[in-house]
Amino acid sequence: MQQRAHTEEFARDSFENLLYSICRFRQLSGSYPAHITMVSLPFKEHRFREVHRHAIRYPRQHFSFVGVGASSEAAVAGERTRSLQPYERDPYGCRDPLAAKKRARDPFLRARPYPQVPNSADAPGTCLVVIALTRACHAARVRRLCKALR
């Protein structure tokens, strides 16, 4: 089991937990996962199953969620206002407040080990979902900058 258990250490939020786990799987196996089972606190189920999964266009029938632990009313309320609603407005976390959270959680600006500019789409370390996300966030930043300059 130890040879098959690996970690992903670069995610800065829940969206990146899902996204980078897929990239790490591809990095180690050379293929994308056929099925994903996300294990987290029960109150995060809607965010993972409906918002994050949908954002990366992962097929619903190949995604499972297992809720573990108890959820207080305060946690559920916080989930709605500080996580779920911001991700519903900005599914990729490209804009503040989500982008600000990511910056704060990475004070050393560590580079992600998932190539974002592939030599070939089939290269083992290439993670196409990160490439697509990078392009989407970059396009959003360019649009905001252009709007600010008008």
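**Glu-8**

I started with the backbone nitrogen of Ala-11, which sits 3.0 Å from a polar atom of the Glu-8 side chain. The backbone nitrogen of Phe-10 is also 3.0 Å from a polar atom of that side chain. This is a predicted model, so I read every distance here as a computed one. Glu-8 itself is in the segment before α1.

Does Glu-8 come out buried or exposed, and what is the nearest side chain of opposite charge? I found Glu-8 buried and without a salt bridge; Arg-24 is that nearest side chain, 6.5 Å away.

**Overall layout**

I stepped back to get my bearings. The protein has five helices and two strands, and from the N terminus the order is α-β-α-β-α-α-α. Of the 150 residues, 32% are buried.

**Asp-13 and the start of α1**

Next I looked at Asp-13, which is also placed in the segment before α1. Asp-13 is buried, at 7% relative accessible area. A side-chain oxygen of Asp-13 reaches to within 3.3 Å of the backbone nitrogen of Phe-15 at the start of α1. The backbone nitrogen of Glu-16 lies 2.8 Å from a polar atom of the Asp-13 side chain.

**Helix α1**

I checked the length of α1 against what its residue count predicts. At 1.5 Å a residue, its 16 residues should span 22 Å, and the end C-alpha atoms are 23 Å apart, which agrees. Which residues of α1 are buried? My list reads Ser-14, Phe-15, Glu-16, Leu-18, Leu-19, Tyr-20, Ile-22, Cys-23 and Arg-26. A reminder to myself: an α-helix has 3.6 residues a turn, so residues three or four places apart point the same way. Just after α1, Gly-30 has a positive phi of about 85°.

**Salt bridges**

How many salt bridges does the count come to? I get eight. Glu-16 pairs with Lys-102, with the closest N and O atoms 3.6 Å apart. Glu-16 is in helix α1 (residues 14-29) and Lys-102 in helix α4 (residues 98-104), so this pair ties together parts that are 86 residues apart in sequence. Both ends are covered: Glu-16 is buried at 1% relative accessible area, and Lys-102 is buried at 6%.

I then looked at Arg-60 and Glu-50, whose side chains meet in a salt bridge at 2.9 Å, N to O. Arg-60 is in the loop between α2 (45-55) and β2 (63-67), while Glu-50 is in helix α2, 10 residues apart. Arg-60 is partly exposed at 47% relative accessible area, and Glu-50 is partly exposed at 27%.

Arg-103 and Asp-96 form another salt bridge, the closest N and O atoms being 2.9 Å apart. Asp-96 is exposed, at 51% relative accessible area.

A cis peptide bond joins Asp-96 to Pro-97, with omega about 10°. Pro-97 is in the loop between α3 (73-89) and α4.

I placed Arg-57 in the loop between α2 and β2, and found it exposed, with a relative accessible area of 58%.

**Surface patch**

Which residues make the nonpolar surface patch? Val-39, Val-66 and Val-68 do, and the patch covers about 240 Å². Val-39 is in strand β1 (residues 36-40). Patch members need over 30% relative accessible area, so Val-39 passes: it is exposed, at 53%.

Notes. Residues numbered from 1 in each chain as written. Predicted model: local features only at pLDDT ≥ 70, side-chain atom pairs only at ≥ 80, totals over all residues. Heavy atoms only, no water. Patch = residues over 30% accessible without salt bridge, like charges linked within 9 Å, V, L, I, M, F, W, Y side chains within 5 Å. Areas by Shrake-Rupley, 256 points an atom, 1.4 Å probe, with all protein chains shown as cover. Salt bridge = Lys/Arg side-chain N within 4 Å of Asp/Glu carboxyl O. Helix = DSSP H or I, 4+ residues; strand = E, 2+ residues; numbered from the N terminus. Buried < 20%, exposed > 50% of the residue type's maximum accessible area, 1.4 Å probe, protein only. Lys, Arg positive; Asp, Glu negative; His and termini not counted. Polar contact = N/O pair within 3.5 Å; in protein donor to acceptor, adjacent residues only side chain to side chain. Expected span 1.5 Å × (residues − 1).
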